[in-house]
Amino acid sequence: LVAPNYFTTRESGKVTSYSHIIYSDDYGKTWKPGEPTPVGGVGECSVAEIGEGTLMLNMRADEGFYRKSCTSIDGGLTWSSPQISIDQIDCKCQGSIFSIGGAVFLSHAASATERINMTIKKSTDNGKNWKGQYTVYEGNSGYSDIVELSDSQIAIIYEGGEKRYTDGLAFKVVSIKSIQ
């Protein structure tokens, strides 16, 4: 079992966030932390297995207008350095990833300026490129989570509203074929 986490530290008077995972090898009886990302500036994260034994963390970045990702080939014990994904313009908001059938899916508020434009993206090359895209809701939207319903459908729950992204929660079932 693997769960994404982040924490903050105070270093020389500055608050810095790091992403990492906790994991259980005994079906949740006990939990251990993996190492944090080698550099800070990343926080809220989601984790997915993108290949046999390879994990990906997709993270909210403290600076800039893009999400960051890193990978682990040792089950989350250590991570590569977080890299900007230019296919993931982001307004510093939590997002969600998971993998199914050789594809990785990401949901997030895809805007550089404000929490709007809830989008699901698809990668068929383990997160190197995000060519598939489906706009769930163009209006105010924030945190989201996506799950597999079947081989052909995923579901998303997200913050959304007409006046503010925190006005309510919305749920939508999306056909995987529509994410192109």
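Colleague: Which residues form a nonpolar patch on the surface?

Modeller: Val 147, Leu 149, Ile 157, Leu 169, Phe 171 and Val 173, with about 580 Å² of accessible area together. This is a predicted model, where local features need pLDDT of at least 70, side-chain atom pairs count only at pLDDT 80 or more, and totals for chains, interfaces and linings use all residues. Residues are numbered from 1 along each chain as its sequence is written, and side-chain values use heavy atoms, with hydrogens and water left out.

Colleague: What makes a patch?

Modeller: Residues with over 30% relative accessible area and no salt bridge; nonpolar side chains (Val, Leu, Ile, Met, Phe, Trp, Tyr) are joined within 5 Å, like charges within 9 Å. Areas are Shrake-Rupley with a 1.4 Å probe, and for residues only the protein chains shown count as cover.

Colleague: Which strand gives the most to it?

Modeller: Strand S13 (residues 169–175), with three residues. Strands are DSSP runs of E, at least two residues, numbered from the N terminus.

Colleague: How many salt bridges are there?

Modeller: Two in the whole structure, counting a Lys or Arg side-chain nitrogen within 4 Å of an Asp or Glu carboxyl oxygen. Arg 67 and Asp 90 meet at 3.4 Å, N to O. Arg 67 lies in strand S6 and Asp 90 in the loop between strands S7 and S8, so the pair ties together parts 23 residues apart in sequence.

Colleague: Is Arg 67 buried or exposed?

Modeller: Buried, at 0% relative accessible area; buried means under 20%, exposed over 50%, partly exposed in between (1.4 Å probe, protein chains only). Asp 90 is buried too, at 2%.

Definitions and conventions
Helices (H or I, at least four residues) and strands (E, at least two) are DSSP runs, numbered from the N terminus.
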